[in-house]
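Please look through the model below before reading my comments.

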Amino acid sequence: MNTLLARLDWLWRLLMTGFCFSLFGAGGLLLSVVWFNLLNLAERDRQRRRRIARRSIAASFRFFLRVAKAVGVLDYAIDGAQTLREERGCLVVANHPTLIDYVLIASVMPETDCLVKGDLLRNPFVSGVIRAADYLINSQADRLLPQSERRLRNGDTLLIFPEGTRTRVGEPMTLQRGAANIAVRCRADLRVVTIHCSEHLLDKQSKWYHVPAHKPQFRVMVGKRINTAEFCEAQEAFEPALAARQLNRHLLYQLSQQTPPLAGIHNDASALS
């Protein structure tokens with residue numbers, strides 16, 4: 001009997017996972033084709049239009065996560081959501097175990113900026129979202145640093161996954177130096193966020209239909225804010241490249257720390273308000 005119930009539970013989650021993927025894709029197209037075009041016509045002020053677009057994205061992510069939880073696809077908790085919501089003028093750096101890490105974090109950061117891959121501009125489901133939100137593109141190397149500095153000084157929060165791609169299960173974590181370089185050269189602090197998933201789901205080696213035997217539980221842990229100035233001032237003669245390497249090693253250590261046990265995980269209602 002237990003085996004039958006477990007099998008039925010798995011089949012239900014497989015079906016609902018397909019539904020959630022379809023919902024996410026349809027939502028991205030709806031935002032891009034309808035809502036953001038209407039927003040371009042109705043709001044002429046670029047800064048206000050960008051702010052509304054980002055808030056719309058965060059609201060749609062909150063809706064998506066609530067639906068995914070309600071139909072039993074996953075469960076999640078965001079510890080420190082209020083800290084993220086109130087963060088200003090710094091980089092938020094996180095590990096990247098699954099495809100929905102950005103969704104989880106951005107759902108509680110209504111005006112966050114994000115560094116995204118240039119290849120995503122060719123994806124019809126998300127390209128309109130990226131342009132409307134005016135996210136930074138990592139392939140635009142000549143513009144990336146000055147744009148990052150200007151936005152950080154204006155109080156924007158920049159979300160970066162320094163691994164550059166999703167973590168490969170069983171392989172050691174490696175970080176690109178982009179986040180550390182931006183932090184050092186813009187003299188901006190970093191907020192470390194650690195994401196843990198109890199099952200192998202939507203990782204680098206998985207397809208959407210590779211549904212685990214047990215319902216995945218996500219926990220997002222908001223860590224301490226790192227003072228970048230300490231790494232810059234530790235040298236008698238400030239060398240940005242050296243400071244960035246030291247900061248990157250520190251970030252790797254912070255992101256590689258073992259996350260707390262998942263017992264008792266639950267939905268943080270305050271994080272989703």
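1. Basis of the note. This is a predicted model, in which local features need pLDDT of at least 70 and side-chain atom pairs count only at pLDDT 80 or more, while totals for chains, interfaces and linings use all residues. Residues are numbered from 1 along each chain as its sequence is written, and side-chain values use heavy atoms, with hydrogens and water left out.

2. Helix α6. Helices (H or I, at least four residues) and strands (E, at least two) are DSSP runs, numbered from the N terminus. Helix α6 covers residues 141–153, and at 1.5 Å a residue its 13 residues should span 18 Å, which agrees with the 19 Å between its end C-alpha atoms; the expected span is 1.5 Å times one less than the number of residues. After α6 comes Gly155, which has a positive phi near 95°.

3. The buried residues of α6. Leu144, Gln147, Ser148, Arg151 and Leu152 of α6 are buried, where buried means under 20% relative accessible area, exposed over 50% and partly exposed in between, with a 1.4 Å probe and protein chains only. The buried residues of this helix pack against several elements, among them α2 (46–70), β3 (113–116) and α7 (178–186).

4. Salt bridges. In a salt bridge, a side-chain nitrogen of Lys or Arg lies within 4 Å of a carboxyl oxygen of Asp or Glu, and the whole structure holds 16 of them. One of these joins the side chains of Glu111 and Arg55, at 2.7 Å from N to O. Because Glu111 lies in the loop between α4 (101–106) and β3 while Arg55 lies in helix α2, this pair ties together parts that are 56 residues apart in sequence. Glu111 is partly exposed at 27% relative accessibility, and Arg55 is also partly exposed, at 43%.

5. Arg153 and Glu149 form a salt bridge whose closest N and O atoms are 3.1 Å apart; the two residues are 4 apart in helix α6, so about one helical turn separates them. Arg153 is exposed at 61%, whereas Glu149 is partly exposed at 28%.

6. Nonpolar cores. A nonpolar core is a set of buried Ala, Val, Leu, Ile, Met, Phe, Trp, Tyr and Cys residues joined through side-chain atoms within 4.5 Å. The largest core has 45 residues, and those touching the most other members include Ile57, Tyr102 and Phe218; α2 supplies the largest share of this core, 6 residues. Tyr102 is in contact (heavy atoms within 4.5 Å) with Ile57, Phe61, Cys114, Tyr135, Leu159 and Phe161, leaving aside neighbours within four places in sequence. A second, separate core of 27 residues includes Leu115, Leu152, Met173 and Val192.

7. Two positive phi angles. Which phi does Asp134 have, although it is not a glycine? Asp134 has a positive phi of about 60°; this residue is found in the loop between α5 (127–133) and β4, and is buried at 18% relative accessible area. Leu202, likewise not a glycine, has a positive phi of about 55°. Leu202 lies in the loop between β6 (190–197) and β7 (217–226) and is buried, with a relative accessible area of 8%.
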